[in-house]
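Hi,

Here is the structure I promised to pass on. Have a look at it first, and my notes follow below.

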Amino acid sequence: MHQLLNTTTATRIRTAAIADWPLIEAFHRSCSEQALHRRWGRSQITRRDIERLLHHSSCWIALHAADEVVALGSAGPVSRHPGVFDLGLQVADAHQRRGIGLAVARHAAAHARFQGAHALSVYIEASNLAMLGLVGHLGHSTESREGAHLDVRVPLSATNPTASRPSPRSCPPDHVTASCSGRWCGHGAG
């Protein structure tokens, strides 16, 4: 059901649902306008936006301490591109550079692979060096420029199988454990 990250206080990843809207809304209020604009193209995110996201993709939230959402990730099929899943990711400003985003992205990659995808697609601003670095940790990628944006594709066959797929004797992707550095560290919650 969820994944624990090895940090000083417990952070876990679990599937998101519309019932999580109050937590997600508080998460978005804690993000800077620049971060929201970079992820969503605007600074106001509504319940309807989250409903659409949940309808078209699988979503996860990373929860820190007392059920504070610190990251939201999604992966879903890209229309007109069979086998390609779009990766969406946002980490609260105060929780960036701790491996949370990488853990959620690897979780999404495992899910996409399990659903039959052969590649992840990330559409980002070319100036978003943090996200480009994160995507680079998923595996060798190709980029195509579209104005000030990049369409970055990561073949799932190129991702580190021990980093993005549970072992055959392990639980499904929603039950995998990771360290804060984003490396999968085995089975269970610990």
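β6 and strand β8 (residues 149-155) run antiparallel and are joined by seven bridges. This is a predicted model, where local features need pLDDT of at least 70, side-chain atom pairs count only at pLDDT 80 or more, and totals for chains, interfaces and linings use all residues. Residues are numbered from 1 along each chain as its sequence is written, and side-chain values use heavy atoms, with hydrogens and water left out.

Back to β8: strand β7 (residues 142-146) pairs with β8 too, antiparallel over five bridges (strands pair if DSSP finds at least two bridges between them; strands are E runs of at least two residues, helices H or I runs of at least four, numbered from the N terminus). Aspartate 151 in β8 is the bridge partner of tyrosine 123 and also of serine 144. β7 and β8 make a hairpin with two residues between them, and glycine 147 in the turn has a positive phi of about 70 degrees.

Now helix α1 (residues 21-30): Trp21, Ile24, Phe27 and His28 are buried (under 20% relative accessible area; exposed is over 50%, partly exposed in between, with a 1.4 Å probe and protein chains only). They sit on the same side of α1, because they cover an arc of only 120 degrees around the axis (taken from the directions from the helix axis to the C-beta atoms). Pro22 and Arg29, on the other side of α1, are exposed. Among what covers the buried residues are α2 (33-40) and β5 (84-91) (contact is heavy atoms within 4.5 Å).

Cheers
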